[in-house]
Amino acid sequence: MFSITVVLLKLIFILIQTIFIIGVAPILSRPLINPTRVQDQSKFRDNIKVAVLLPFHKEHPLSVMRTARSIANQTYPPELITVYILIEGEDNITRRSIPTLVNFFRFRGMSVRVIYTQSTYIGKPRAMNQALPHVEEDVVVVFDADDIVPEKYISLVVGEIKKGAAAVTTKVYRLGDRLHSKFIALDTFIWYDIYLPVYMKFIGYAPMSGEGLAVRREILNKIGGFPESLTEDAYLTIELAKIGEKISYLDSIFIIERAPLSFKALINQRMRWFKGYYECLRALWRYRRDLGHLKTLKLAVTYMGPIISMATTLSYTIFFFYIFGSLFGAVYITSLIKSAISGPVYYLAAFMFFGGNLFFTGIILYYFSDTRFESYTPYIYVAFIYWYIIGIVALLSLFSSREWYKTERIGYENA
Amino acid sequence: MKMRKVLFKEKFLFMLFFALYLSVALWLVAEYQTTVILEFTKFAHDNSAHLYIPATVIENGKTSKFANFGTVWLFLYHLALVPLVTSGYLYRTGLAGSILNSIFVAATAVLVYKIVQDKYGLIVGILFGINIYSVVHASSSYMIPMGQFLAVFSSFYVYYYIKRGSGRILTKAVFLLMFSTLARYEAWPMMFVLVGLIIYNELKRGRNWRISSHVPLAFFGITGWIVYNWAIFGNPLEFITHPSPGASGYYFIIISKIVKPWTIDFIEIVRILLKMLGPLILLLPFGIWGYLKEKNGWQFLLFLFSSSVLILAEGPHLLINDHLLYYYFSFPFFFILAGNGLKLLIKNINRRNVEIAVILFFVLSYSMYQVSGFFEFHDELIRGSHSYYHNKYISDEIVRKWDGGYILYSSILGSYYFSVIEGIKPKYIMDEYDSPLYERISSSPWHYNVSIVVVPDRETYKKLRGYFVKLCHKTCYVQLYYENESWRAEFLNYYKPISNSSVKLYNVPVIIYIRSDSSEHVTQFFESTKI
């Protein structure tokens, strides 16, 4: 019995370390990648028409206006932009902001259309798909409420589309003042500044983000609209990879989004994302023949976020068990762990624990020093507590029901 | 500050020194079969131990283990050597260390040039590169060059951090120095000084977060080492309390000197500096003045001086046969200071002819000084080679009698010399690196495949007994041989000495036993080789 447990534990531990290697490899290869140059936006000014989709769901007026101001400030010619405000029939909260919004965009010289979607909220992708038949522009750009978008964003997106990209994504930093938002910020820095550039360089694809997501209209026609998944943005990457279309990643600029209001809101958001990622992994398995085995494997690596989180939690749990076992004299537990984690597995674990954390910390400090986000870097030393919880969330997501949660970003007391 | 693109001049300087150092190493191998010959000269400095330790980590049979990195020396250099010592040729010849060190010392020379900059940097970079101690360290398996390179590379960034306050530059400085703290203890005071500078500067600039982000990273190496000592040896300060605490032990002397500054022998310090820099010592006051004149230059000066606190422990403790090997870590920092002094001196001379005369004076006088050093080195090699050939002869004879079983040879007696010089992998040598198997075999070697046993003579055992007690807790074969009559009687049933009296093997008088039922005919071949 003991030996079977030891073998099982050893196998689990080897699996965890293998996942860590896959997880740490992009961090180690990040210094090999040079930042892309910001293109001269003026040369992309031509007659490409852009549809800006704003799918709203019970949004606070402050959140709505925050996004609206960013769109209105775009350097791209306003006459080429049409704003589509998607609102549910029964959403009386957002409805109050509509007249102001419409006037605001019209005053800036942009066309505006308000599209009422089905009264029952059934998710962002379906709302966008309901709007698509009304959209005639060449490029569709999606923004959420609470997004702060750089002025040249649409110009740059159009430039990338002109260069042949089927879709364009960018960095989305989620910032806030509360403690949990510091960790979210770190998470997003790590994802967008370390992982995504590496994935784009070596794999060519990576899960895209919904905020500022831009897609060629004809491509959406080809794939039957936005995928109706919990993470339609990440799923879209798979659809594009399936038909061999390229995606582009703008790493020279970033969109700022308000972080989830509370820790509970954060957990709900992560739950939805992880479930969405599991859907993507299942889709990859389903489409493995269309994609080819190598491409499937490469893509799978980019969707491993929740798996890496689970592996982190599991390895810390084993470590905690060992510590508590040693402190409280639970010899059975400590000897079990000792027998399972010995020899090369032990060395690998020790290297990953010290070397992995060291390089991870060093690279985070390096990339965010001298930036406006530098003050977030000290949180890296306690982030393991946050990642431990996120790993548990990743595990629970496997068993929770498929449901869409809206991420609360702003309290109504702020109105 | 990004390290700007490496220029042709820098690449050329690196290649030139790398080729020079490797040539010296190859010449040593051609002449004496190994660079470990240096162990038999005044330049002795644990050459073979630094090759043996990494080999015990992966080439020690069933007792290959991480713990074999030990606790006396910091482990980074040994870790870097691990892949190289797997080659039998590179291990035996010592070239494993030479290749690595040639790279580090050549790169350090280039860094000296880059820190001082201009022609003055090039001059002192070259002068550092041709220093006899640089040549000796680079062409052998001494431990200092790696930690030194990392510390000098860090100081390149520290200089620009002090000037510009950039976080990215600071990250590079901290990261490099943190690795240096895992390679040499000399880097530890440098890290404490750097941390002090970070706290001072960032509090002044109101960027408190940088203290909490960079200071923990700075101590990652030191903390990691303490945790390693705790996890492996059950004592976080094992590297200090170990029977042979190595370089860490010298810090007690340094601390006592700092506490009682009147005990510092300044004349001795000047003598050491004179031996290190020759005529360049004249430039040091100018170098100090030069940095003091710069904005926040005192901070860089403090950082440079922190590299050389070992110099406070001046005197017989660290001067090995009147040689400066232990001070080698601080060499490049003094050359940087001298280079800055040369720059200041020349800039204050407006006459071209005088400028040239001053440069020529320092270059020629220093070169002459070094030429005498090279002659001394050559004489030392010739002198040392007698002892080397003698030991090599005895070792060869042992190997000739060896039937492939274990060789029971305590590391306290110098098993590592034997392993490296004869190119015998550590898995065949049973010593303290094989615990707990070593203790088990020690209790009854005749029950195991032990073909050769090396025992110190009685007088030597009396001198070394303390080490054996602390390291083996009365369980190793040497103690059993001298302190357990019945064990000894049993042992002598199976093993016969192959010399009439003790012979000196690697400076230790020993008696060598061979298994009496060995197929080899036992001959008394040592009779004619008494020293």
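This is a predicted model: local features need pLDDT of at least 70, side-chain atom pairs count only at pLDDT 80 or more; totals for chains, interfaces and linings use all residues.
**Exercise 1. Decide whether Leu327(A) is buried or exposed, and state where it lies.**

Step 1. Leu327(A) is part of helix H13 of chain A, which covers residues 305-327.

Step 2. Leu327(A) has 9 C-beta neighbours inside 10 Å, so it counts as exposed.

Step 3. For its position relative to Thr237(A), take the C-alpha atoms: Leu327(A) and Thr237(A) are 48 Å apart in space and 90 residues apart in sequence.

**Exercise 2. Describe the overall build of chain A: which elements does it have, and how compact is it?**

Step 1. Chain A holds 16 helices and eight strands.

Step 2. For 415 residues the globule rule gives 22 Å, and the radius of gyration of chain A is 23 Å, close to that value; chain A is therefore as compact as a globular protein of that length.

Step 3. Along the principal axes, the C-alpha atoms of chain A fill a box of roughly 75 × 45 × 45 Å.

Step 4. Of the 415 residues in chain A, 42% count as buried.

Step 5. Among the contacts in chain A with a separation of 6 or more, 84% are between residues 24 or more positions apart.

**Exercise 3. Work out the sheet of chain A: in what order do its eight strands stand, and which strands are at the edges?**

Step 1. The strands form an open sheet with mixed pairing, in the order S3-S2-S1-S4-S7-S6-S8-S5.

Step 2. Strand S3 (111-117) and strand S5 (147-148) of chain A stand at the edges; each has a single partner strand, so one side of each is left without a neighbour in the sheet.

Step 3. Look at a parallel pair. Strand S1 (residues 50-55) of chain A is joined to S2(A) by six bridges, and the two run parallel. Within this pairing, Leu54(A) has Ile85(A) of S2(A) as its bridge partner.

Step 4. Look at an antiparallel pair. Strand S4 (residues 139-142) and strand S7 (residues 213-216) of chain A run antiparallel and are joined by four bridges. Here Val142(A) has Leu213(A) of S7(A) as its bridge partner.

**Exercise 4. State how many residues of strand S2 of chain A are buried, and which residues lie on each of its faces.**

Step 1. Strand S2 (residues 81-88) of chain A is mostly covered, with eight of its eight residues buried.

Step 2. In a regular strand, side chains alternate between the two faces of the sheet.

Step 3. One side of S2(A) carries Ile81(A), Val83(A), Ile85(A) and Ile87(A), and the other carries Thr82(A), Tyr84(A), Leu86(A) and Glu88(A). All of these are buried, and both faces of S2(A) are covered.

**Exercise 5. Describe chain B as a whole: how many helices and strands does it have, and does its radius of gyration agree or disagree with that of a compact globule?**

Step 1. Chain B contains 24 helices and six strands.

Step 2. A compact globule of 531 residues would have a radius of gyration near 24 Å; chain B has 25 Å, which agrees.

Step 3. The C-alpha trace of chain B spans about 85 × 50 × 45 Å along its principal axes, and 47% of its 531 residues count as buried.

**Exercise 6. State how chain B divides into domains, and what the side of domain 1 that touches domain 2 is made of.**

Step 1. The domain assignment of chain B gives domain 1 as 8-377 and domain 2 as 402-529. Their centres, taken over C-alpha atoms, are 38 Å apart.

Step 2. In chain B, 20 residues of domain 1 are in contact with 15 residues of domain 2.

Step 3. On the side of domain 1 of chain B that touches domain 2, helix H2 (47-58) and helix H4 (88-93) of chain B are the elements that give two or more residues. The largest share, six residues, comes from H2(B).

Step 4. By type, the residues on that side of domain 1 of chain B are seven nonpolar, nine polar and four charged.

**Exercise 7. Find which residues of helix H10 of chain B are buried, and which helices they pack against.**

Step 1. Helix H10 (residues 187-205) of chain B has 19 residues and reaches 26 Å from its first C-alpha to its last, close to the expected 27 Å.

Step 2. The buried residues of H10(B) include Trp188(B), Met191(B), Leu194(B), Ile198(B) and Glu202(B).

Step 3. The buried residues of H10(B) pack against helices H8 (144-164), H9 (167-180), H11 (208-218), H12 (220-233) and H17 (297-306) of chain B.

Step 4. Just after H10(B), Gly206(B) has a positive phi of about 75°.

Key: Residues are numbered from 1 along each chain as its sequence is written. Chains are lettered from A and ligands numbered from 1 in the order in which they are written. Domain bounds come from an automatic or database domain assignment. Two residues are in contact if their C-beta atoms, placed from the backbone, lie within 7 Å. Ala, Val, Leu, Ile, Met, Phe, Trp, Tyr, Cys and Pro count as nonpolar, Asp, Glu, Lys and Arg as charged, and the others, Gly among them, as polar. The radius of gyration is taken over C-alpha atoms; the globule rule is 2.2 Å times the number of residues to the power 0.38. A residue is buried if 20 or more other C-beta atoms lie within 10 Å of its own, exposed if 12 or fewer, and partly exposed in between; C-beta atoms are placed from the backbone. The expected span of a helix is 1.5 Å times one less than its number of residues. Two strands pair if DSSP finds at least two bridges between them.
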